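Reader: I have a protein model open and would like to learn how to read it. Could you walk me through a few features?

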Amino acid sequence: LKATSAMPFIWEMLTGNEDPYIRSAGSYALSLMCEPRQISVLADEEDPSLRLAGVLALRRQKDPLVAAFLHDDDPKVARAALEAIHDVGIEKARPLVAALLDEPPAYLTTMDWCRVLHSAFRLGDDENLTRVINVVLDGKAPAAAREEALRLVGLWSKPHPVDQSLGRWSPLPERDSAKVKNVLMPMLGSLLKLDGKLAEPALALVKKYQLDLSAVDNSVLRGLVMNEGLPGAARSEALELYSARKTDDLEGLLASLAKGKDDDLAIGAIKRLGVDQPDKALEGI
């Protein structure tokens, strides 16, 4: 009936009440009876139960004013606002979600990191690409978030047609790989120093976006080749890049690696030797 005279009683019902059924009923009533601006004033209420109900009501209305709750003092309220914007697809508020990467809140769960990163990915501009790369390079960020951020950089120019954070068909247009390259180049040295699970996909960016390695020191590439803490495939990729420079120590390095214990790296070295020094390649085999 949209009886506005009932509003004080609905507010009273929601105040201090953590019952999810009551909250759902109250927020549903708010979404039907109030304009978005009337609901957004709940952001100033002291009671977190009222603020959370306001978030849920604005989520039902798919209104960007829900972004007013993104920095709420109560993590439960802030997370609900983040979920509303990303999961429902409130596009006008999405830039504010991506901006959380500038100073990631402590309340972010693994799935919340995914939401924030994918919001930046869907926006797709240079500023948000920089934000995602900064997560990759941030040693304080969770490992899962860094790995996902690096994966998204690899997909940046040709986004997957499914929004992989939600499992929904939501195609994005292809992006200019030259622009991606321009953003990556100043950070290339730092990307090539990544180790562990990040090393191999970071090296793959060099080929994918045809990054210019001329400014990268030989010592950086050689360090990747000799880093036994890296996967063999990543070291082999680094060896291919290093071999292209035809350094003075290359011949001895290839001969040594061809006889090494790491199969991926040895095969990479044998392939390089097979071009100019087949006899030493045979020794490795």
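Reader: Let's start with contacts: which residues does Gly-16 touch, not counting residues up to four places away in sequence?

Author: Contact means heavy atoms within 4.5 Å. By that rule, and not counting residues up to four places away in sequence, Gly-16 touches Asp-47 and Ser-49. Before we go on, note that this is a predicted model, where local features need pLDDT of at least 70 and side-chain atom pairs count only at pLDDT 80 or more, while totals for chains, interfaces and linings use all residues. Residues are numbered from 1 along each chain as its sequence is written, and side-chain values use heavy atoms, with hydrogens and water left out.

Reader: Where does Gly-16 lie, and is Gly-16 buried or exposed?

Author: Helices (H or I, at least four residues) and strands (E, at least two) are DSSP runs, numbered from the N terminus. Gly-16 lies in the loop between helix 1 (7-14) and helix 2. Gly-16 has a relative accessible area of 56%, so Gly-16 is exposed.

Reader: Is Gly-26 buried or exposed?

Author: Gly-26 is buried, because its relative accessible area is 1%. You will find Gly-26 in helix 2 (residues 20-33). Setting aside residues up to four places away in sequence, Gly-26 touches Ile-10, Met-13 and Leu-14.

Reader: What about polar contacts? Which side chains does His-86 join in this way?

Author: A polar contact is a pair of N or O atoms within 3.5 Å; within protein, one must be able to donate a hydrogen and the other to accept it, and residues adjacent in sequence count only if both atoms are side-chain atoms. The side chain of His-86 has a polar contact of 3.0 Å with the side chain of Arg-94. Another, also given as 3.0 Å, links the side chains of His-86 and Ser-119.

Reader: Where is His-86 found, and why does His-86 count as buried?

Author: His-86 is found in helix 5 (residues 75-88). His-86 counts as buried because its relative accessibility is 1%. Beyond neighbours within four places in sequence, the contacts of His-86 include Arg-115, His-118 and Asp-163.

Reader: Can we try a charged residue? Why does Asp-112 count as buried?

Author: Asp-112 counts as buried because its relative accessibility is 0%. This residue lies in helix 7 (residues 110-123). Leaving aside neighbours within four places in sequence, Asp-112 is in contact with Arg-79, Leu-82, Glu-83 and Tyr-107.

Reader: Now backbone angles. What is phi for Lys-62?

Author: Lys-62 has a positive phi of about 55° although it is not a glycine. Lys-62 sits in the loop between helix 4 (48-61) and helix 5. With a relative accessible area of 56%, Lys-62 is exposed. Gln-210 is another residue other than glycine with a positive phi, near 50°. Look for Gln-210 in the loop between helix 12 and helix 13; at 61% relative accessibility, Gln-210 counts as exposed.

Reader: Last topic: how do I read the packing of helix 12 and helix 14?

Author: Start with the axes, which are lines fitted to C-alpha atoms, for helices over the stretch in contact, with angles running from 0 to 180 degrees between N-to-C directions. Helix 12 (residues 199-208) and helix 14 (residues 232-243) pack at about 30°, and their axes are 9 Å apart. That makes helix 12 roughly parallel to helix 14. Angles under 35 degrees count as roughly parallel, over 145 as roughly antiparallel, 65 to 115 as roughly perpendicular and the rest as oblique.

Reader: And at what angle do helix 14 and helix 15 pack?

Author: Helix 14 and helix 15 (residues 250-257) pack at about 155°, with their axes 11 Å apart. That makes helix 14 roughly antiparallel to helix 15. Leu-239, Tyr-242 and Ser-243 in helix 14 meet Leu-250, Leu-253, Leu-254 and Leu-257 in helix 15.

Notes. Buried means under 20% relative accessible area, exposed over 50%, partly exposed in between (1.4 Å probe, protein chains only).
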